[in-house]
Amino acid sequence: MIKKRIKYGCVCGILIMMIMGCLHIIKNKGVIKSGIDQTETASLNPVIYKTVVCLDAGHGGDDVGAEYNGRYEKDDDLAMTLAVKEELENLGVEVILTRSQDISMDNAPRAEYANLYDAALFVSIHRNYYDGYEAVNGIEAWINSQFLEEDEALATTILEEIKKAVPKSTIRGVKGGTIDGEGNYTINRVAQMPSCILELGFISSHYDNNLLDTYFSDYAKAIAQGIYAYTQTLSI
Ligand SMILES: [Zn+2]
């Protein structure tokens, strides 16, 4: 289970709560902060702090992402994101999504959404593409070019879990900045919490597509397990 920190205003408050059979759970930290300020009412309620994870399915709507033989990246991204969400919820983790349907979104609002909800971490799920050379394959994660320890730990943990779950996967490692060596991807630049962009294999690789389709649930479990393991290191 996720670590929780419980605050009680007073014993009377607890008794009242028990009698009424009412448990007031405020699910995200942004709301908790404003709740605590409302001293009269909020102090009577036990407030449970819970880790919130923001998952982001890349692309969507008109932006199909990479495309290969009629296969759209946006669909793979969303399917995996929804599967990871389910696995995380089975582990007791609260999950918010930037998109749960096939809709267009700019990248900055995705990270701003995570900021707004004070998510503990942000993972954006994508697939890679290499033009004209199908043999290029493997899974990698992109983080901010500053290689902050937390970002690197998050990305590394996810990749390690993937390698354990699907050993046939090629792990290309954790990379910082952007592929052209300038700046950072918007997600990693705007997100105010540890973040990474997971490139779950190359959609242009038959090998990677075959692995993804064959071991889909194993990948979902592994990504969730990596995120969960990382949340256990958070002191909230
Ligand atoms: Zn993408």
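F147 sits in the loop between β8 and α6. Helices here are DSSP runs of H or I with at least four residues, strands are runs of E with at least two, and both are numbered from the N terminus. Phi of F147 is near 50°, a positive value in a residue other than glycine. F147 counts as partly exposed, because its relative accessibility is 36%. On this scale buried means under 20% relative accessible area, exposed means over 50%, and partly exposed lies in between (1.4 Å probe, protein chains only).

The model is predicted: local features need pLDDT of at least 70, side-chain atom pairs count only at pLDDT 80 or more, and totals for chains, interfaces and linings use all residues. Residues are numbered from 1 along each chain as its sequence is written, and side-chain values use heavy atoms, with hydrogens and water left out.

N69 also has a phi near 50°, again a positive value in a residue other than glycine. N69 lies in the loop between β4 (67–68) and β5 (71–72). N69 is exposed, because its relative accessible area is 72%.

Now take the whole chain. It holds nine helices and ten strands. Of its 236 residues, 49% count as buried. Consider the contacts between residues at least 6 apart in sequence: 77% of them join residues at least 24 apart. Contact means heavy atoms within 4.5 Å.

F122 gives one example from the buried part. F122 belongs to strand β7 (residues 121–128). F122 counts as buried because its relative accessible area is 0%. Which residues does F122 touch, not counting those up to four places away in sequence? They are C54, D56, T98, R110, A111, A114, L154, I187, M193, P194, S195 and C196. F122 and A191 are 69 residues apart in sequence, yet their C-alpha atoms are 7.4 Å apart in space.

Next come two helices. Two packed helices are described by the angle between their axes and the distance between the axes. Helix α6 (residues 149–165) packs with helix α9 (residues 216–231) at an angle of about 145°, and their axes are 8 Å apart. The axes are lines fitted to C-alpha atoms, for helices over the stretch in contact, and the angles run from 0 to 180 degrees between N-to-C directions. From α6, the contact uses E150, A153, L154, T157, I158, E161, I162 and A165. From α9, it uses D218, Y219, A222, I223, Q225, G226, I227, A229 and Y230. By class, this contact has eleven nonpolar, three polar and three charged residues. Ala, Val, Leu, Ile, Met, Phe, Trp, Tyr, Cys and Pro count as nonpolar, Asp, Glu, Lys and Arg as charged, and the others, Gly among them, as polar.

Empty space is the next topic. Rolling a probe the size of a water molecule over the atoms shows where empty space is left. On a 1 Å grid over the protein atoms alone, a cavity is a set of points where a 1.4 Å probe fits but cannot get out; a pocket is an open set with protein on both sides within 12 Å along at least five of seven lines; lining residues have an atom within 4 Å of a point. Grid points are joined across faces, edges and corners, and a volume is the space filled by probe spheres set on the points.

The largest pocket has a volume of about 310 Å³. It is lined by 17 residues, and the closest to its centre are N128, W142, I179, Y185 and E199. The elements that give two or more residues to this lining are β7, β8 (139–143), β9 (171–176), α7 (186–190) and β10. β10 gives the most, with three residues. The lining divides into nine nonpolar, four polar and four charged residues.

How many cavities of 30 Å³ or more are there? The count is one. The largest cavity holds about 40 Å³ of space. Its lining is I139, L200, G201, D208, L211, L212 and Y219. The largest share, three residues, comes from α8. By class, the cavity lining has five nonpolar, one polar and one charged residues.

D208 is placed in helix α8. Is D208 buried or exposed? D208 counts as buried, because its relative accessibility is 6%. Leaving aside neighbours within four places in sequence, D208 is in contact with R127, N137, G138, G201 and F202. D208 and R127 are 81 residues apart along the chain, and their C-alpha atoms are separated by 9.8 Å.
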